Amino acid sequence: MDSGTEVTPNLLQAMVHSGAYLSGAFIDEKCVGAAFAFPATNKGLHLHSHMTAVLDKYRDQGIGYSLKTDQWQWAKKNKYKEITWTFDPLVARNARLNLIKLGVDISEYYPNFYGDMPDALNAWDESDRIMASWKVTGEQPVAKSIVINPAKSDTLIKIPEDIVAIRREDISENLKWRHKVREEFMNAFEKGGKVIGFSANNEYVVRL
């Protein structure tokens with residue numbers, strides 16, 4: 001898309017040749033999704049998943065889940081104990097996939113992690129990210145249940161149903177959500193809070 005955020009084919013070739021992970025999801029020989037990850041060494045050797053994406057037309061068909069579980073199996077085969085990646089805390093679809101279907105843990109919050117991202121999806125927004133940690137243990141990933149009845153002492157961090165639509169229509173409203181969620185996460189983590197799940201009301205459930 002020539003926006004400056006792509007991973008170029010020659011870099012992919014070099015990294016895959018040197019031990020990185022790359023997969024594609026195909027329907028009728030058309031690539032409709034892909035995932036890319038590379039070895040990382042901070043806090044011990046693990047696999048860091050930099051990009052996983054599915055074309056809009058093919059979303060909500062389980063393709064993203066299939067890409068991630070293939071990545072998990074590849075990591076297990078190659079003796080990795082953990083996979084990490086960042087995702088936008090405001091995107092409810094990704095939060096549900098990561099926290100519920102994949103069963104990841106959330107370890108850290110990074111304000112404006114990538115700086116300015118001029119692509120169509122992120123333009124004019126601030127690139128806050130939370131870090132997911134996915135343990136590679138057992139025979140397959142273990143999903144978590146949605147949180148139906150949070151404890152009264154839990155902190156609930158609400159996000160909108162569709163931040164992408166809000167961003168497209170009203171960037172100022174998008175930034176209000178961005179700064180609100182950032183402040184709530186940072187305050188909760190400063191107090192030692194831990195994300196234990198995601199609620200039926202589009203809320204991160206944080207427990208002290």
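**View 1. D56 and R59 meet in a salt bridge, with 2.9 Å from N to O.** Welcome to this predicted model, in which local features need pLDDT of at least 70, side-chain atom pairs count only at pLDDT 80 or more, and totals for chains, interfaces and linings use all residues. Residues are numbered from 1 along each chain as its sequence is written, and side-chain values use heavy atoms, with hydrogens and water left out. A salt bridge here is a side-chain nitrogen of Lys or Arg within 4 Å of a carboxyl oxygen of Asp or Glu. Side chains of opposite charge can pair when their charged atoms come close. D56 is exposed at 61% relative accessible area, while R59 is partly exposed at 32%. In these legends, buried means under 20% relative accessible area, exposed means over 50%, and partly exposed lies in between (1.4 Å probe, protein chains only).

**View 2. K135 pairs with E82 across two strands.** The closest N and O atoms of this salt bridge are 3.5 Å apart. K135 belongs to strand β6 (residues 129-135) and E82 to strand β4 (residues 82-87), so the pair ties together parts that are 53 residues apart in sequence. Helices (H or I, at least four residues) and strands (E, at least two) are DSSP runs, numbered from the N terminus. K135 is partly exposed at 44% relative accessibility, but E82 is buried at 18%.

**View 3. E126 reaches R182 in a salt bridge.** Here the closest N and O atoms are 2.5 Å apart. The pair links distant parts of the chain, with E126 in the loop between β5 (105-110) and β6 and R182 in helix α5 (residues 171-190), 56 residues away. E126 is partly exposed, with a relative accessible area of 24%. A search of the whole structure finds 13 salt bridges.

**View 4. D162, E169, D170 and E173 form a patch of negative charge on the surface.** Patches are made of residues with over 30% relative accessible area and no salt bridge; like charges are joined within 9 Å, and nonpolar side chains (Val, Leu, Ile, Met, Phe, Trp, Tyr) within 5 Å. Look for D162 in the loop between β7 (155-158) and α4 (163-169). D162 is partly exposed, at 39% relative accessible area.

**View 5. K79 and N202 each have a positive phi without being glycine.** For K79 the angle is about 70 degrees, and for N202 about 60 degrees. K79 sits in the loop between α2 (63-77) and β4, where K79 is exposed at 69% relative accessible area. N202 is found in the loop between β8 (194-198) and β9 (203-207), and at 7% relative accessibility N202 counts as buried.

**View 6. K43 lies in the loop between β2 (30-40) and β3 (46-54).** K43 is exposed, at 73% relative accessibility. From K43 to V164 is 33 Å, C-alpha to C-alpha, and 121 residues in sequence. To place these views in the whole, the protein has five helices and nine strands. Its C-alpha trace spans about 50 × 40 × 35 Å along its principal axes, and 42% of its 208 residues count as buried.

Notes. Areas by Shrake-Rupley, 256 points an atom, 1.4 Å probe, with all protein chains shown as cover. Lys, Arg positive; Asp, Glu negative; His and termini not counted. Charge placed at Lys NZ, Arg CZ, Asp CG, Glu CD.
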